[in-house]
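Subject: Structure for your review

Dear colleague,

Please find below the sequence and structure that I am handing over to you. My findings come after it.

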Amino acid sequence: MNLTALLVDDELPILENLSFILPWEDMGIEIVGTARSGSEALDKVAECHPDIMLCDIRMPSMDGLELIQILREQGETCEIILLTGYQQFEYARTAIRYNVHEYICKPIDYLDLEQKLRELASQIQKKRLEVEAERHRKSEMEVWVRHKHIIDLMRKEEDSLYSSPPSSSETQASSLRYILLLIDVSGYFKHSIGWSGARHQSWHGMVRSKLREITDRICEGTLLISARKGEWCMLVEASDEWRLRADALAQQVQLELDTTFEIGSGMKTRVIQDVMPVKLNDQMAERYRHCQRLLIMNDSNQRSDAQEQESAEHSIMSFKEPSSRTTMWITKEDLDLITRWIRQGNKQGLIDLLVRLKHQMSEHKSTLDGVAENSLRFLLVHMLRELREVHVMAEQDEMHFWSALHSATSIKELIELAEALAYVCHDKKSVPRPSVSELISSACEYMNARLECDLGIDEVADWLGISPGYFCQLFKNQMGVTFVEYMTHKRMESAALLLSTTEWSITAIGEATGYKERRYFSKVFHKHFHMKPSEFRSNQRAGS
């Protein structure tokens, strides 16, 4: 944007020279007027408020110094260059008092004046940019503080940023009532596993821009809060016809946001519209958690009305016995089932288990705060370890899943991650069936790692996903010995190594190799090596 200048001199030739000799357009300055007296200049300044004023000192009726004094008293901040044919100290001192930028003597050196004008224009533009940047920073900070305050309220944080009383505008906003719309992109967390940080940021920026465009068009003034990754909150002021405006906004978000997602990504928009207008400082955390529960319980619906879902939630809860497990509601039986389904590549079994766990969460609202999250993280760690055991995932894919688990910040994200792992398990079915040698080699690795356990044929067969009878047949044909003979041989090898290299007691070595009773361990050892464990240790030491 060009700067503006006003030229003031009682001599017309000087005004004309100033207007036509200097390259105003090239300097980025537009002349918005000329004046031949101080009183005329006052009117022109009041009309156009120039950025720069070139002004003669000696003029009839009102000289330049008197004009400057009045302008400063009126609050005008334009930069002033004084032109005079008199070199008097008193003029210069008065010019300094009224913050005059430059004092130039006549006859005017137009090259020198042009240089000074260019420097002045550059200084003004730089100052404007700094002021605008500071205003923008302040505006952004105010928005950030307000959004952070709302997020703290939704999460019920005790340490609010407001250590001092909020301003009048903030107080007014806090006294208004709002209706909450919770927007969730189902499938985002699952689809984005392996994305870089820059891609996550770009995707969220795209969605936020789209949501802001919709709110500005449908319901201007709506507060848009980025609550979590893949989740946004809209706070619609609950004033005239608020339900109609909230309905229209929810429908438009549902209609338009899905069109921005990649085809085949599996991402879908879900909108939960609350029915209880609340103040920002009143019940915001409760309503936010309520809408989150509805997202988890009704993830098959793309749009839900909180009133309908709330009644559904109560009906679900009324038909269930309250669970007594309030600290850890994932049991050993659940983990055993997960292990079995993963080894068998049973995706549906895992999905059914996750559905049951989600219903179980609905029994206790408090589980959404901490217990459920900790339990789900434990479950996911178990799933990842079991998937590693059956060699389903490439190492890089496994690293992406561990990274996603580390960055997950909500129940919804953890559930999506568990569902993604269930689909990885399903992929096991599409992997070529291993050969008999590979199958038995895998079984031997599994058995060798569990020599101290009470390991049976059923467990190993279940781990391989085949029947016990078929496993026994394959094992004997491949290894030339039975399952029991193989385990005994490996345990005796391990016991012999421990007797030779450690000071452990005979009892401890027996327990470490799967024998809980020393007498039975000694009997098996004697049968295998034709000597007692103590004799074997003595012979080894004598030989060394």
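This is a predicted model: local features need pLDDT of at least 70, side-chain atom pairs count only at pLDDT 80 or more; totals for chains, interfaces and linings use all residues.

Five strands make up an open sheet with parallel pairing, in the order β2-β1-β3-β4-β5. Its edges are β2 (29-35) and β5 (102-105), each of which pairs on one side only. On average, neighbouring strands are turned by 20 degrees against each other, direction ignored. Four bridges link β4 (residues 79-84) to β5 in the parallel sense, and L83 has I104 of β5 as its bridge partner.

Helix α2 (residues 38-48) lies across β1 (3-8), β2 and β3, and runs at about 145 degrees to β2. Helix α3 (residues 64-73) packs on the sheet, where it touches β3 and β4; its direction makes about 150 degrees with that of β3.

Within strand β3 (residues 52-56) lies D56. D56 counts as buried because its relative accessibility is 3%, under the 20% cut-off. The side chains of D56 and K106 are joined by a polar contact of 3.4 Å. Beyond four places in sequence, the residues that D56 touches include D10, G64 and T84.

With kind regards

Key
Residues are numbered from 1 along each chain as its sequence is written. Side-chain values use heavy atoms; hydrogens and water are left out. Helices (H or I, at least four residues) and strands (E, at least two) are DSSP runs, numbered from the N terminus. Buried means under 20% relative accessible area, exposed over 50%, partly exposed in between (1.4 Å probe, protein chains only). A polar contact is a pair of N or O atoms within 3.5 Å; within protein, one must be able to donate a hydrogen and the other to accept it, and residues adjacent in sequence count only if both atoms are side-chain atoms. Contact means heavy atoms within 4.5 Å. Two strands pair if DSSP finds at least two bridges between them. Axes are lines fitted to C-alpha atoms, for helices over the stretch in contact, and angles run from 0 to 180 degrees between N-to-C directions.
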